[in-house]
Amino acid sequence: MIKFDNIQKSFGIGTPDEMQLFNGFNLEVSEGEFVSIVGSNGSGKTTLLNILCGSMLIEGGRLLLDGADITKLSEHERAKYLGRVFQDPQKGTCSDLTILENMALADNKNKKFGLGAAINKKRIDHYKELLEPCQMGLENRLGTLVGTLSGGQRQALALIISNMADIRLLVLDEHTAALDPKSSELVMELTTRFVKEHSITTLMVTHNLRYAVDHGSRLLMLDKGLIVLDRKGKEKEQTTVESVLHIFNEISIESGN
Amino acid sequence: MPSFLGACEVFLTDGFMYSVLALGFYISYSILDFPDLSVEGTALLGGMSYALLVRASYNPWLTVLVAFMLGSIAGCVTGFLHVKLKIRPLLCGILVNTMLITVNLIASVVGMGGNLRGEEALTTIPVGRQFITILRGFPSTLLPTDLGGINARKLIVLFVVATVCKLLIDLYLKTKNGLALRATGNNEQFVTTLGIDPGSSKIIGLAISNGLAAVTGTLVVTSRGNANQNMGLGMVVIGLASVIIGLSVFNKAYFFKDTTKVIFGSVIYQACLSFATYLGVPSAYNKLLMALLFTVALVTSNFTTKHRSDSRD
């Protein structure tokens, strides 16, 4: 479904600190997979997502979505096919707008932003239905400014908003990392339920090995731009946190972290 | 020494007149966080084109619309420089403003019968009694010019123009495009994930705000009776001060829309200036006074409204 084909990516080109991260990186994700990506800092997890979403340019290689080459599409053009939740709860929603306004905007994704009324009152019940499953009472606070919500509430909202239009792929960029442990659990639980219900192909980057092991259908570990672990199906189900942690530590020792 | 009533008349008419400019700054500065210096050039562009077209006997209201469009085009240039050529907002404004000095000079000289070298004609365009301006055309003619010693017609016409601009902006901000504009100023990344190009949103916003600056130019020319090459000077300070005063003085007044607060801000700012004149401060000190007032407004707004103070971020 999504294919990274021979990706080349370096940082600091032309400076003494030039560093090649990806040299012919390949990855193929099939329809309906929920891929968790782990790896230490600098392993290339977040760069991978940035390349996918178009927020970072690459020097070589192609990105294929359903067989179509999307390498040359700009970030906002690609966004048509992608839903994205960021690590920073402030990025996925607009603080100065109300919950209703945020949802109305997301509801109009992939349509024309013309001079029609922004808020369609007939859709409000639908918005409430979407919010109800998070059990945060957001459905009764549609007029609240998003800036006044807690981080967990904002991430839950961002998650719902990311999938309001028909998207092909959900991209979660350490979306629980900035939350307290309880909110983090809650958002992760919501995520799994959400991905199952919509059976949407998902790429999730996380620092939490347990989340990566417990959730998702495929587990990837990256190190210095290489895939060092790729488990799916039965093999993934049998993977334990301890075994992943073991591999993780070995790599860390090798690279002197 | 002007009468007290006269001073009130001046600050009300000037307040409404410059509130159109301030509404433009509300969009560019307050919503998009873009301090746009090009308005000094676009206000002059609007005033200049209005003066020339009115002298050529075109319908004055139609002429105001033409001025709006010319201003919008200049705003698009500012936006283009910033969005496509990645030039910083302040520099974009300075560049467009400087370009417009030449454009306005040549346009007015040629319009007054001079040559393309910018010679052999006046650079000030008078709009005398014989020409039909928005005050001397229908439907303004239905209003009395004098009501108890006050030029009621001017006051009412400017009030109506300001109100119409405010209502149109309110309407626009409720549309999908308008909501996307507000979101762009707040969170570009969010807008991008919705498949919107934040760059085009910004260009639209700058087009509107510069269009409004050009309309203000037409009002200034109407009010003064001529267009001269210096009339744009100080517009940035007037516009920004009005927005900042309006939004900080009425910070807690939730029942007023921001656009209403901006109009109030503009009137308050002009009231302060008029009051100084009333007290006998010579007009040569005006610009210094304007800048000082603006400084006070900036400093106080830092205390009253911490930027986006209600949110947890």
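Start by selecting B:Ser28, which sits in helix 1 of chain B, the stretch covering residues 4-31. Keep in mind as you click around that this is a predicted model.

**Stop 1: B:Ser28**

Is B:Ser28 buried or exposed? Its relative accessibility is 1%, and the cut-off for buried is under 20%, so B:Ser28 counts as buried. Now show its neighbours. Leaving aside residues up to four places away in sequence, B:Ser28 touches B:Asp33, B:Phe34, B:Asp36, B:Leu206 and B:Ser209.

**Stop 2: B:Ser209**

You're now in helix 8 of chain B, which runs over residues 198-224. B:Ser209 has a relative accessible area of 2%, so this serine is buried. With residues up to four places away in sequence left out, B:Ser209 touches B:Gly24, B:Ser28 and B:Asp36.

B:Ser209 and B:Arg136 lie 73 residues apart in sequence, and their C-alpha atoms are 27 Å apart in space.

**Stop 3: a nonpolar patch**

Switch to a surface view and select B:Ile156, B:Phe159, B:Val160, B:Val164, B:Leu168 and B:Leu171. Together these residues form a nonpolar patch on the surface, with about 540 Å² of accessible area. Zoom in on B:Phe159, which belongs to helix 5 of chain B, residues 152-173.

**Stop 4: where chain B meets chain A**

Bring chain A into view. Across this interface, 24 residues of chain B are in contact with 34 residues of chain A. The two chains bury about 2,600 Å² between them, and 61% of that is on carbon and sulfur atoms.

For the polar side, twelve residue pairs are in polar contact across the interface, both partners at pLDDT 80 or more. Which elements of chain B give two or more residues to the side that touches chain A? Colour helix 6 (176-186) and helix 7 (188-193) to see them. Helix 6 gives the most, with seven residues.

**Last stop: the salt bridge**

The interface of chain B and chain A has one salt bridge. To find it, select A:Glu101 and B:Arg182: these two form a salt bridge, with their closest N and O atoms 3.2 Å apart.

Notes:
Residues numbered from 1 in each chain as written. Chains lettered and ligands numbered in written order. Predicted model: local features only at pLDDT ≥ 70, side-chain atom pairs only at ≥ 80, totals over all residues. Heavy atoms only, no water. Patch = residues over 30% accessible without salt bridge, like charges linked within 9 Å, V, L, I, M, F, W, Y side chains within 5 Å. Areas by Shrake-Rupley, 256 points an atom, 1.4 Å probe, with all protein chains shown as cover. Salt bridge = Lys/Arg side-chain N within 4 Å of Asp/Glu carboxyl O. Helix = DSSP H or I, 4+ residues; strand = E, 2+ residues; numbered from the N terminus. Contact = heavy atoms within 4.5 Å. Buried area = accessible area lost by both parts, 1.4 Å probe. Polar contact = N/O pair within 3.5 Å; in protein donor to acceptor, adjacent residues only side chain to side chain. Buried < 20%, exposed > 50% of the residue type's maximum accessible area, 1.4 Å probe, protein only.
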